[in-house]
Structures are given as C-alpha cells and as structure tokens.
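Please look over the sequence and the model shown here before reading on, and keep both at hand while you work through the report.

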Amino acid sequence: METALDEQILHFGLGSEPQYLDPHLATSVAAHNILSALLEGLVSEDPKTLKPLPGVAKSWEVLDEGRTYIFHLRKNAHWSNGDKVTAHDFVYSFRRILNPNLGAQYASMLYPLKNAKEFHQSLKSLAIEDIGAKALDADTLVLTLENPVPYFLELLNHYSWFPVHQPTIEKFEAYEKMGSAWTKPNNFVGNGPFKLKKHHINSVIEVAKNKHYWDAERVRLRGIRFYPIEAVYTEERAYRSGFLHLTQSVSADRIDFLKEKYPDELHFEPYLGTYFYRFNLDMPPFNDARVRRAFSLSIDRKRLVEKVLKGGQAPASTFTPPGTGGFYPDPGFGHDPETAKSLLNSYLQEKGLEKLPPVELSYNTSEGHKKVAEALHGMWKDILGVEIRLLNMEWKVFLSTISNGDFTLARAGWIGDYVDPHTFLQMWRSGDGLNMTGWANKSYDQALHQAEISISKEERWKSFQTCEDLLAEETPILPLYFYVHLTLRHPTVKGWYPTLLDHHPYKYVYLAKEDHP
C-alpha cells in the first residue's frame with residue numbers, strides 16, 4: 001500500500017471482467033468504471049454532486065426551449081495519440097452507435113436526438129445525415145432533440161455518448177462489428193485522463209496517465225489497476241492483505257465482522273439501483289402472466305433484505321426506486337402467498353398438470369447472487385411447491401446467454417444512468433435492446449412516449465405511474481430490492497465521495513496518508 005501511495009497507483013476491485021471496452025457495446029458497471037478513465041464526453045461531472053461540468057465542450061448554449069444545444073469544443077482537447085478531438089468525432093460516434101448493423105444494446109440512450117429512433121429502428125426512410133447531430137466546424141457541435149429532455153446534460157455522461165477515434169475504428173473495421181481488436185492496449189486510442197496500458201483477461205486491466213488529456217495537470221493519479229475479482233470473499237481478503245484500495249462489494253455475512261474490525265473503512269452509501277429477476281416470456285411456464293405473478297407474490301421481500309442481505313437494502317415494491325428525481329411510484333409488487341397459490345393452481349388445472357416442472361434460474365458467479373437465489377428457492381418451494389435449478393455462470397457467458405434469450409428466469413440488476421425515472425422505465429419499451437424478456441405492451445410504450453414529450457412534471461409522473469402499474473400487472477420482471485452500495489475503502493483514497501450513481505471522476509482522486517497520525 002505504501003508503494004502504491006508513492007507511485008500514485010490506485011488498486012481497484014472491479015467485481016467482474018467487462019464484456020467490452022467499446023463504449024458503444026458495453027452494458028455493465030464494470031465497463032463504466034474503466035471507460036470513464038479512458039474516454040470523456042462533451043460534459044464531465046462534479047465529483048460531489050455529479051452536476052454537469054465542462055468536458056470536451058468548454059461551454060454550451062441551450063436554444064429553442066431546450067430542443068437545441070450548441071457545444072463549443074476545446075481547441076486543446078486531444079486523443080491519446082495526439083490527434084485533435086473534433087465535433088466530427090462526436091457526429092461519427094453517434095452515427096456508429098445508432099447504426100442498426102452494430103447491434104448496440106444501448107442505442108436507445110441516443111433516442112432523444114432528432115430522428116435517432118426512426119433511423120435506428122428503420123421506421124422511416126431516413127439518411128444517416130438526418131440524425132440531429134451536426135458539426136458546424138471542428139469546434140462547434142449542434143445537437144437537435146425531438147423534445148426537451150430535462151436531464152439531457154446528465155445523459156451525456158453515459159459512455160454510450162462518448163466519442164471513438166474514427167481512424168482507429170476504420171483501421172480495425174469496427175464501425176459495425178463487435179469484438180474487433182481496436183480495444184486492445186496497443187490499439188486503443190481514447191481522449192480521457194488515462195490510456196489503456198495492459199489488459200490480461202480475468203486478471204488485471206491497467207491504465208496510465210494520458211499526457212495528451214486537456215486537463216492532465218489536474219490528474220494526480222499516475223495509474224489505476226482494475227482487478228476483476230468476482231468472488232467477494234477473495235476480494236475482501238485482497239483488501240485486508242493490502243492488495244486493494246477499494247472493493248466492489250462486501251458479503252452480507254461479513255458485515256458484523258467488518259463493522260468491528262474496519263469501522264472507518266466499511267461504507268454504506270446510497271446507490272440508485274434495483275436488483276431484480278427477468279422472466280423469459282417466450283419460455284413456458286412464464287409465457288403465462290398467472291405464473292409470473294404467482295412467483296412474485298410468493299416472495300417476502302422484507303424478509304429477504306432483513307434476514308439474508310442485512311446491508312440496509314430496501315424491499316422493492318416498484319421497479320423505480322422511490323424518490324428518483326422526485327418521483328414516488330405507488331407500490332405494485334406485494335407479498336400475498338394465498339393469491340400466489342390460487343394463480344398457480346388456476347394455471348396447473350388449465351394445463352392438466354399436478355405441479356410445475358423444475359425451473360432453471362441463471363445467475364452470474366457471486367456468493368451474494370447465490371444467497372438470494374437460494375432464499376427465493378426456499379420461498380417458492382414452500383409456497384408453490386416449485387423446484388428451482390440454480391445455474392451459475394461466469395460473467396461473460398452469463399451476459400451472452402441472457403442477450404441470446406437462452407434462459408427461463410435470470411438474475412439482473414439495473415443502476416440508473418441519470419437521476420430520472422426514465423432511466424429505469426425506458427428499458428421495458430417494446431424491442432429495447434435492454435429489455436430481453438420478450439415482453440411488449442403498446443399501452444406501456446404510449447405512456448413512456450407521453451412522459452418523454454411532456455414538459456410538465458405532473459404529466460411525466462402520471463405517465464411513469466402508468467408504466468409502473470403495467471409492469472406490476474403483467475410482471476415481466478421481478479423487482480426484489482433497492483441497492484445500497486456496501487464497500488471497503490482505504491483511508492488513503494482521497495477525492496472519493498458518495499454519489500447516487502457511484503460515479504467518481506478519477507481526475508479528482510488521489511492517494512495520501514490519513515489526516516491523523
């Protein structure tokens with residue numbers, strides 16, 4: 001730890017190996033943690049409040065009642081190879097993620113741009129030039145929106161809006177291809193405070209300070225080493241041995257011990273996220289809403305968080321965490337074992353079955369996910385008489401399995417990308433790349449669209465409530481609890497503040513001895 005202090009190298013427990021280091025293909029928190037070191041968007045974030053600050057854009061103007069944004073880019077913003085970052089880079093990048101041939105799951109994040117949705121979904125005969133992103137010159141970018149978006153500047157801090165280096169993308173023929181070699185250490189060209197130095201799969205991802213970054217003088221860390229340690233006990237041992245400065249999580253059964261041994265290093269921090277399960281509506285028995293609702297109503301969420309998790313999590317009776325952006329949805333997911341039994345019996349009688357065949361539950365390797373799955377298995381067996389087969393998968397295999405629809409019931413989690421209910425409810429739009437349940441509902445889509453075009457907060461909340469009601473009624477998903485971020489952090493880590501999205505801009509982070517002897 002002393003050596004790291006002298007070298008200013010942060011050792012970071014990443015949790016899992018990211019599937020992609022391509023900002024237009026990534027979908028995980030692990031990927032965010034690395035990409036935010038390697039790339040920077042038009043805006044950056046205040047380390048304490050996450051309010052938008054100038055990034056690649058030194059300033060901007062908002063016109064036409066919030067429908068037009070004019071960004072003025074820094075003349076000293078450069079890529080890690082020394083090339084200048086231009087407005088054309090952003091236009092190219094936005095067109096790339098919206099190219100339907102790329103298959104980007106996060107393409108819908110750019111739907112606020114005029115004609116973006118229609119182009120991406122081929123709903124109209126549009127040219128790529130019709131998308132609302134224009135470079136007036138190398139230093140001026142104009143973004144035109146379909147409707148005013150109150151959280152638009154915050155949205156720009158999501159990695160789906162980050163630029164990619166066009167010559168590099170073209171060199172590796174990556175414009176509409178997944179898994180190309182452009183993201184390897186010797187090939188990656190970024191514009192963030194750090195550059196990619198080393199990537200050993202399932203071992204370490206190392207980044208080093210980027211001397212070409214426009215704000216390099218502010219960056220105090222010389223590097224960060226991200227360790228994808230999926231086993232939470234292994235991660236804790238690495239922390240206690242002095243190998244890590246930060247862990248990604250802490251096991252529930254270690255909380256009491258760690259409270260006693262490391263009271264100043266164990267952190268319970270707010271986290272805008274929902275832990276849930278996905279049903280596959282294309283697979284029996286979950287193609288029937290009665291079975292889905294029976295599974296939901298069988299769960300005692302209060303017991304789950306108090307007896308199993310023990311980390312201050314709150315039981316989820318909605319999908320959107322209460323208070324998100326000021327929205328408090330009415331509860332929809334409850335606990336009613338008798339109704340659960342009745343719903344399942346109705347289904348079984350109709351199908352001529354005595355009981356359901358065993359149901360497969362897929363989850364990625366983690367002691368925490370296993371404990372939740374085992375607890376729910378017990379509830380479903382006791383109340384519904386259903387056997388659950390637990391399928392444990394390595395992270396990349398799990399992601400591939402879920403995105404291919406090769407599952408019956410699967411663990412999931414969603415962390416807000418910005419502080420607004422839309423970040424939670426937009427993913428259940430029909431055909432959205434993040435949906436992956438097979439569920440489609442026109443009334444839901446209409447309510448979501450109404451929320452997107454409404455300027456009045458009251459109208460937006462009403463439409464979002466309609467979305468929540470439909471999710472509870474049709475139950476394509478199973479919300480379980482709202483996250484609390486529970487981690488270990490060494491006192492030498494400075495400039496790291498609790499934030500609702502768990503974002504920590506690295507250019508403000510550094511290592512220093514404790515303030516006390």
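This is a predicted model: local features need pLDDT of at least 70, side-chain atom pairs count only at pLDDT 80 or more; totals for chains, interfaces and linings use all residues.

## Strands and their pairing

Strands of a sheet pair through backbone hydrogen bonds, either parallel or antiparallel. In this model, six strands make up an open sheet with mixed pairing, and their order across the sheet is β12-β16-β11-β15-β13-β14. The strands at the edges are β12, covering residues 314-315, and β14, covering residues 388-393, each of which pairs on one side only. Within this order, β11 (residues 266-279) and β15 (residues 409-415) run antiparallel and are joined by seven bridges. One place to look for this pairing is Thr274, whose bridge partner in β15 is Trp414.

Strand β8 (residues 194-200) runs antiparallel to β9, and six bridges join the two; Lys198, for example, has Glu206 in β9 as its bridge partner. These two strands form a hairpin with three residues between them, and in the turn Asn202 has a positive phi of about 60°. Strand β9 also pairs with β10 (residues 223-227), again in the antiparallel sense, over four bridges, and here the bridge partner of Ala208 is Gly223 in β10.

Helix α3 runs through residues 87-98, and its twelve residues reach 17 Å from the first C-alpha to the last, which is close to the 16 Å expected at 1.5 Å a residue.

Leaving aside neighbours within four places in sequence, Tyr213 is in contact with Glu40, Asn191, Gly192, Pro193, Val219 and Lys507. The C-alpha atom of Tyr213 is separated by 46 Å from that of Leu304, which lies 91 residues away along the chain.

Ala138 belongs to the loop between β6 and β7, and its relative accessible area of 28% makes it partly exposed. When residues up to four places away in sequence are not counted, Ala138 touches Leu73, Thr86, Ala87 and His88. Ala138 and Arg74 are 64 residues apart along the chain, while their C-alpha atoms are separated by 9.9 Å.

## Pockets and cavities

A search of the whole structure finds three cavities of 30 Å³ or more.

| Space | Volume | Lining by class |
|---|---|---|
| Largest cavity | about 240 Å³ | eight nonpolar, seven polar, three charged residues |
| Second largest cavity | about 110 Å³ | four nonpolar, seven polar, three charged residues |
| Second largest pocket | about 340 Å³ | ten nonpolar, six polar, six charged residues |

The largest cavity has a volume of about 240 Å³, and of the 18 residues that line it, Ser36, Ser44, Glu45, Asn157 and Pro505 are the closest to its centre. Both α2 (29-38) and β2 (43-45) supply at least two residues of this lining, and the largest share, three residues, comes from β2.

The second largest cavity is lined by 14 residues, and those nearest its centre are Thr247, His485, Thr487, Trp496 and Asp502. Two or more residues of this lining come from each of β1 (9-13) and β16 (477-488), with β16 giving the largest share, three residues.

The second largest pocket holds about 340 Å³ of space, and the closest to its centre among its 22 lining residues are Tyr111, Pro112, Glu146, Asn147 and Glu452. Helices α4 (116-120) and α15 (442-453) each supply at least two residues of this lining, and α15 gives the most, with four residues.

Technical notes
Residues are numbered from 1 along each chain as its sequence is written. Side-chain values use heavy atoms; hydrogens and water are left out. On a 1 Å grid over the protein atoms alone, a cavity is a set of points where a 1.4 Å probe fits but cannot get out, and a pocket is an open set with protein on both sides within 12 Å along at least five of seven lines; lining residues have an atom within 4 Å of a point. Grid points are joined across faces, edges and corners, and a volume is the space filled by probe spheres set on the points. Ala, Val, Leu, Ile, Met, Phe, Trp, Tyr, Cys and Pro count as nonpolar, Asp, Glu, Lys and Arg as charged, and the others, Gly among them, as polar. Two strands pair if DSSP finds at least two bridges between them. The expected span of a helix is 1.5 Å times one less than its number of residues. Contact means heavy atoms within 4.5 Å. Buried means under 20% relative accessible area, exposed over 50%, partly exposed in between (1.4 Å probe, protein chains only).
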